[in-house]
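Student: I have a model open on my screen and I'd like to learn how to read it. Could you walk me through it, one feature at a time?

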Amino acid sequence: VHDACGAARRTLALWVAAQAEGPVIWIALDWAQDKLHADGVADWIDPARLVFVQVRRADDLLWTMEETLRSGAVALTVVDLPGLPGLTQVRRMHLAAENGAREGQHAPLGLLLTPAQGGAQGVESRWHLAPDHTSGQTVWRLERLRARTAPRHNWRITASEQGLRAL
């Protein structure tokens with residue numbers, strides 16, 4: 001389970017989704033104002049690969065992700081959170097993902113989209129993506145804020161016909 005934060009956290013999730021195989025489960029609140037739109041994601045991923053799960057209560061976001069990870073049915077599950085989950089909730093998701101890897105079709109990856117600078121405790125890594133566009137060039141600044149096995153680092157990323165690349 002990993003934490004993605006920053007103004008472009010949904011873009012980062014779409015980049016990860018583009019690299020995953022098969023369908024991607026995207027969990028969000030049904031009353032959230034900022035939802036994905038098929039035309040907006042088509043440059044990154046085939047919208048037909050996205051399975052949207054909308055829940056009414058914020059408490060159901062993490063429960064739904066936990067159950068999806070436990071099933072091992074999909075390689076990637078994304079949850080768009082309005083706040084930070086607790087350490088116990090993240091630990092439960094790790095255990096669910098381990099179970100899904102053992103008994104499911106995939107070794108599932110969970111991506112928590114958290115507001116502001118993130119900060120979910122117990123995650124494997126925390127990534128921050130923000131636009132860093134210049135005139136005539138679409139560029140993002142990707143920062144690895146935390147990882148269990150790697151130091152902090154940052155990259156400038158641009159998109160081209162050949163895909164994403166670091167500058």
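Predicted model: local features only at pLDDT ≥ 70, side-chain atom pairs only at ≥ 80, totals over all residues.

**Strands, pockets and contacts**

Tutor: Let's begin with pairing: strand 1 (residues 2-5) runs parallel to strand 5, and three bridges join them. Two strands count as paired if DSSP finds at least two bridges between them. Helices (H or I, at least four residues) and strands (E, at least two) are DSSP runs, numbered from the N terminus. Residues are numbered from 1 along each chain as its sequence is written, and side-chain values use heavy atoms, with hydrogens and water left out.

Student: Which residue of strand 5 is the bridge partner of His2?

Tutor: That's Leu111. Strand 5 also has strand 4 (residues 76-80) as a parallel partner, joined by five bridges, and there Thr77 has Gly110 as its bridge partner. Between strand 4 and strand 5 the chain passes through helix 4 (residues 87-103), and this β-α-β crossover is right-handed. To check the hand, point the strands away from you: right-handed means the path from the first strand over the helix to the second runs clockwise.

Student: Is strand 5 mostly covered or mostly open?

Tutor: Covered: four of the five residues in strand 5 (residues 109-113) are buried. The cut-offs are under 20% relative accessible area for buried, over 50% for exposed, and partly exposed in between (1.4 Å probe, protein chains only).

Student: Why is strand 2 largely enclosed by the rest of the structure?

Tutor: Strand 2 counts as largely enclosed because six of its six residues are buried. Both faces are covered, with Val24, Trp26 and Ala28 on one side and Ile25, Ile27 and Leu29 on the other. As for its partners, strand 2 pairs with strand 3 in the parallel sense over six bridges, with Leu29 bridged to Val55. Strand 2 also runs parallel to strand 4, over four bridges, and here Ile27 has Val79 as its bridge partner.

Student: On to pockets. How are they found?

Tutor: Rolling a probe the size of a water molecule over the atoms shows where empty space is left. On a 1 Å grid over the protein atoms alone, a cavity is a set of points where a 1.4 Å probe fits but cannot get out, while a pocket is an open set with protein on both sides within 12 Å along at least five of seven lines; lining residues have an atom within 4 Å of a point. Grid points are joined across faces, edges and corners, and a volume is the space filled by probe spheres set on the points.

Student: What volume does the largest pocket have?

Tutor: About 270 Å³. It is lined by 16 residues, of which Arg10, Ala28, Ala32, Asp34 and Asp80 are the closest to its centre. Strand 2 gives the largest share of the lining of the largest pocket, three residues. That lining divides into ten nonpolar, one polar and five charged residues. Here Ala, Val, Leu, Ile, Met, Phe, Trp, Tyr, Cys and Pro count as nonpolar, Asp, Glu, Lys and Arg as charged, and the others, Gly among them, as polar.

Student: And which helix gives the most to the lining of the second largest pocket?

Tutor: Helix 3, with five residues. The second largest pocket has a volume of about 200 Å³, and of its 13 lining residues the closest to its centre are Ala58, Asp59, Leu62, Pro85 and Gln89.

Student: Last topic: contacts. Where should I look?

Tutor: Contact means heavy atoms within 4.5 Å. Ala7 counts as exposed because its relative accessibility is 66%. Leaving out residues up to four places away in sequence, Ala7 touches Leu129 and Pro131. Ala7 and Pro131 are 124 residues apart in sequence, yet their C-alpha atoms are 7.3 Å apart in space.

Student: Is His128 buried or exposed?

Tutor: His128, in strand 6 (residues 125-131), counts as buried because its relative accessibility is 9%. Beyond its neighbours within four places in sequence, its contacts include Cys5, Gly6 and Glu143.
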